[in-house]
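Please examine the sequence and the three-dimensional model shown below.

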Amino acid sequence: AVLGFSALSVADPAITRIPGLSDDLTKIREAARNLYNLIEGATVLPNSLRHSSRQLPPLAWNPSPSDDPIVAEKSRNSNTRVLIVDDDAMNREMLARRLQKMGYKTRQAETGHHALDELKQRPFDLVLLDLEMPGMNGFEFLKIVKSDPALRSVPIIVVSASEHISDAIQCISDGAEDFLNKPFDPVLLRARVFSSIEKKRLRDTDRQLLQELETEKSLLVQEKEKSEQLLLN
C-alpha cells in the first residue's frame with residue numbers, strides 16, 4: 001500500500017510543485033521497498049515468529065511518552081515562537097507544517113511590513129526570511145530589524161532560492177544568523193533552527209544574569225552609601 005500510494009503521489013503534478021516533497025516521497029518509497037525485501041528475505045526467523053506476532057516475547061521495557069525523543073523535543077519547543085516571512089503562501093505553509101511537527105509555534109507574514117508589525121506586537125525567538133518579496137525585500141527588512149535596539153536580538157535565518165554567494169555574504173554581513181538555499185534539506189533546516197534558537201536562549205540567559213549582577217551591584221552601592229552616612233552621623 002505504501003509503495004503504490006507513494007508512486008501515485010510522485011506522479012501527481014499538484015504534489016511535484018511543492019519543493020522537497022517529491023524527494024521525501026522517493027525516500028519513503030525506497031524505505032518501504034527495503035522493508036518489504038527485508039521481510040521477504042527474513043529466512044533466519046522461525047516460522048512461528050514470521051507468521052504470528054502473538055508468539056513474540058513481551059517487551060522488557062515499556063517506554064512512557066516522556067521517554068520518546070520526539071515528544072521531548074515538542075515539549076521543549078512548545079513555548080518557542082517562529083515567524084515565517086515569505087510572499088509565497090505554499091512556501092509559508094510548508095515551513096509552518098515542518099516547524100509545527102517539531103513543536104514550535106508559528107506565525108506567518110506575506111510582506112516585510114506585515115512582519116515588522118508582528119515583531120512589534122509579540123516576542124519571537126526566530127525569523128525565517130525570504131529575500132524576494134514585493135514592497136520591502138528581505139535585505140531591507142534585515143537592515144531595519146538589525147538597526148532597531150528592541151528587535152536586533154531576534155535571530156534571522158534567510159531561506160532563499162538565490163544561488164548567488166554574494167547574497168548569502170551580504171545577509172550574514174547585515175546580521176543574519178544563517179542562510180539556507182531553497183529547496184532546503186529538512187534535516188539541515190531542523191539543525192539550523194535548533195542551533196539559532198539555542199544560541200538566542202544562551203544570549204538571553206547571559207543578558208538576564210548581567211541584569212541581575214547590575215541590580216546587585218546597585219544595591220551594594222546603596223548599602224555602602226548608607227553605611228558611610230551612618231558613620232558620618
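## Basis of the model

The model is predicted, and local features need pLDDT of at least 70, side-chain atom pairs count only at pLDDT 80 or more, while totals for chains, interfaces and linings use all residues. Residues are numbered from 1 along each chain as its sequence is written, and side-chain values use heavy atoms, with hydrogens and water left out.

## Nonpolar cores

The largest nonpolar core holds 24 residues, of which L83, V85, L119, V127, L129, F141 and C171 touch the most other members. Such a core is a set of buried Ala, Val, Leu, Ile, Met, Phe, Trp, Tyr and Cys residues joined through side-chain atoms within 4.5 Å; buried means under 20% relative accessible area, exposed over 50% and partly exposed in between (1.4 Å probe, protein chains only). Two or more residues each come from β1 (81–85), α7 (112–121), β3 (126–129), α8 (138–146), β4 (156–160) and α9 (165–173). Helices (H or I, at least four residues) and strands (E, at least two) are DSSP runs, numbered from the N terminus. The largest share of this core, four residues, is that of α8.

Not counting residues up to four places away in sequence, F141 touches G112, A115, L116, L119, V127, L129, M136 and I156, where contact means heavy atoms within 4.5 Å.

## Residue L3

L3 belongs to helix α1 (residues 2–10). L3 is partly exposed, at a relative accessible area of 30%. Beyond its neighbours within four places in sequence, L3 contacts R29, A32 and R33.
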